[in-house]
Each structure stands twice: as structure tokens, then as C-alpha cells.
Amino acid sequence: MQCAACRREAVVFQPYSGKYLCPVHFTKDFEAKAKRAVRRNRWLLPGDRTAVVLTGDAAEAALLAFLHKLTKDRRDVRLSAIAIDEGTGDTGRTVAEQFGVELFSGSFAERYGTTRDALFRAEGPEAAGRICHVLAGDLAAEIAAARGITRLALATTVDDRALSFFSDLLGGTVEETLFVSETLGTARVPVIRPFADIPTTEVYRYAELCGVSPEGAGACGTDGNSDACAALASYDARHPATKFALANLATTLTGIAGTGRATHDRCPACGSPRKAGRCFACEVRKKYTREPGS
Ligand SMILES: [Zn+2]
Ligand SMILES: [Zn+2]
């Protein structure tokens, strides 16, 4: 199939726009979307020290590639990476080396005395996904706070936002979406999500085109509800704008919840939404966090 903008062979089809795009025009379109998100949200300001959180996913490598391209000629912002080893041995640290970006590391084994695999065995896949999410976020935020990093960049995509909203709806935890914390960890380091408006498949394709996709793409993340993931994927395959619609609805509702009179019980320790007075993140911390160095 030919590219919608030139005569080259297309490598990407966007079902939601009906467009086929070649590598050049796909890259242009992709980077324009991510830049727009960065600009609109004022995510890259003079004096910022931004670190991409790496846990071994190709989307995070793509994010580092994108932010490196965006900031390499700027002297007023500094980019680094924080590699979190969840015990799978794969953190994407080679990507940081590839771009010559300053790299900091943290390890589940050292910090928590456990690994992602051990958590999956002990807690089951769905709970373990959420637990790893809290622990990885906390560890990245701890390192960021210690190193003077002002923002943590996460490779959240449209699919991630749609799926967490959908799972929250089905699981009755919709406050997790409505009152989502835009900071990480108890250190409350602000997060940025430049790929929030881009589908996962395109993020993985971008990673490949940037030469930072080591072992290709995983399908659905292991975080959250896998039944919901399968249901959403099959519906989205027939109705290609579904994930955008869900992600946009989540954004709209978050805005309404934030400005309206909808008050919500937030955890005083970490700012996460609480349910029946309980903070999931803090319960995870209590169970798994050891004092540093103990
Ligand atoms: Zn083209
Ligand atoms: Zn809390």
C-alpha cells in the first residue's frame, strides 16, 4: 500500500484515520502528536531535569528515543534515565547507553527483597501487576528525589489509559481513574506522559524505526485485569476508535472530577484515592517496603 502523503511504501495503517503511512510520514505524524502533548501540558520547561523510567518495555525505549531527539540541542533541560530492575534482568539500560544518557539504577531485589516473578507467584497476575506498578513507581521516585530529577517520563499510551479506565469501570474502582495522581511515589515526583494520545502499536513501530526495539512488542500489559484486556481488544478490533473514545472520556471525567464539587477521599500519605478509608498503594508499601539499606 502506498503512503497517503508520498509515493513510498506504507509501513503503518492507522485504522482510526484510515491512513497508510511510510516511515518518514509516520515518524512525522507520531512526533507531532507527542510534541503537541508535551507543549499543551507544559511538560518540558527550562530548568527541568527529566528522567525516563525504564523497566524493559519497548515503549519506554521509544520514549527515551523521542525525548532525546527533542532535547539533545537544548541546554536548559537535562534528560536522564532510571532503570528499574524488577528481577527479570531486562531493564533497557542498553538504550540509555546507546543515547549516551545519564543512567541511574534501582533493583527490586535490593530495595524490596523480591522480584516480579516472586510477586506473580505469591499474589496472582492481576494483583501482582498492580503491586509491581506501585513498587516500581516508588523506587523510581526515590531515585529521582535523591538525584534532583524534577519530572519522571512514563510511556503510557492510549491503550494503557483506555484499559485502566475500562478495568476500573468493571472492577468498581473508577476513582482510580477519576482521581489519578499525576505524581509518583511518596516523594510525589511529577510525571509526564508524552505518548498518552498514541496507540501502543504505533509506539512499538516507532521503537523499531528508531532501532531501540530489542525483542519486539508485547501485546497487552500484564498490569490490571486480563479479562478486561481481552474484551477491550476484541471490541476495539471491530470498532477502531474505541480506545481513543475511552481514553478521552477518562480525561474529560478526570477534569470534571477535579474542578467540580466531587470530593474524594485521598490518602494523606501519598495522595492516591482511597476506598473505604484504605489506600491500596500504602498497603503495598507496608507489606513490601523495607527501610533503605535494611
Ligand atoms: Zn510518505
Ligand atoms: Zn497512600
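1. Some ground rules to start with. Residues are numbered from 1 along each chain as its sequence is written, chains are lettered from A and ligands numbered from 1 in the order in which they are written, and side-chain values use heavy atoms, with hydrogens and water left out. As this is a predicted model, local features need pLDDT of at least 70 and side-chain atom pairs count only at pLDDT 80 or more, while totals for chains, interfaces and linings use all residues.

2. Let us begin with the zinc ion (ligand 1). Its donors are Cys-3 (SG), Cys-6 (SG), Cys-22 (SG) and His-25 (ND1), at 2.0 to 2.3 Å. (Donors are N, O and S atoms within 2.8 Å of the metal, or 3.2 Å for Na, K and Ca; water is not among the atoms, so sites may look incomplete.) The angles among the four donor atoms run from 102 to 114°, and the site is tetrahedral; for four donors that label requires all angles to lie between 85 and 135 degrees. Along the sequence, the donor residues follow the spacing C-x2-C-x15-C-x2-H.

3. How buried are the cysteines here? Cys-3 has 5% relative accessibility and counts as buried, and Cys-6 is buried too, with a relative accessible area of 18%. (Buried means under 20% relative accessible area, exposed over 50%, and partly exposed in between, using a 1.4 Å probe and protein chains only.)

4. Now for the zinc ion (ligand 2). Cys-267 (SG), Cys-270 (SG), Cys-279 (SG) and Cys-282 (SG) are its protein donors, lying 2.3 Å from the ion. This site is also tetrahedral, with angles of 103 to 114° among its four donor atoms. The spacing of these donor residues is C-x2-C-x8-C-x2-C.

5. Helix H6 passes a simple length check. (Helices, H or I of at least four residues, and strands, E of at least two, are DSSP runs numbered from the N terminus.) The 23 residues of H6 (residues 125-147) should span 33 Å at 1.5 Å a residue, and the end C-alpha atoms are 32 Å apart, which agrees. The expected span is 1.5 Å times one less than the number of residues. Gly-148 follows H6 and has a positive phi, near 75°.

6. On to the charged pairs. The whole structure holds 18 salt bridges, each being a side-chain nitrogen of Lys or Arg within 4 Å of a carboxyl oxygen of Asp or Glu. Asp-29 and Lys-33 form one of them, at 3.0 Å from N to O. They sit four residues apart in helix H1 (residues 23-40), about one helical turn. Asp-29 is partly exposed at 24% relative accessibility, whereas Lys-33 is buried at 14%. A network of salt bridges links Asp-29, Lys-33 and Glu-202.

7. Two further pairs are worth a look in your viewer. Asp-48 meets Arg-151 with the closest N and O atoms 2.7 Å apart. This pair links distant parts of the chain, 103 residues apart: Asp-48 is in the loop between H1 and strand S3 (49-54), and Arg-151 is in strand S6 (residues 151-153). Asp-159 and Lys-243 form a salt bridge at 2.9 Å, N to O. Asp-159 lies in helix H7 (residues 158-171) and Lys-243 in helix H11 (residues 242-259), so this bridge ties together parts 84 residues apart in sequence.

Terms used. Four donors count as tetrahedral if all angles lie between 85 and 135 degrees; four count as square planar and six as octahedral if opposite donors are over 155 degrees apart and all others between 65 and 115; anything else is irregular.
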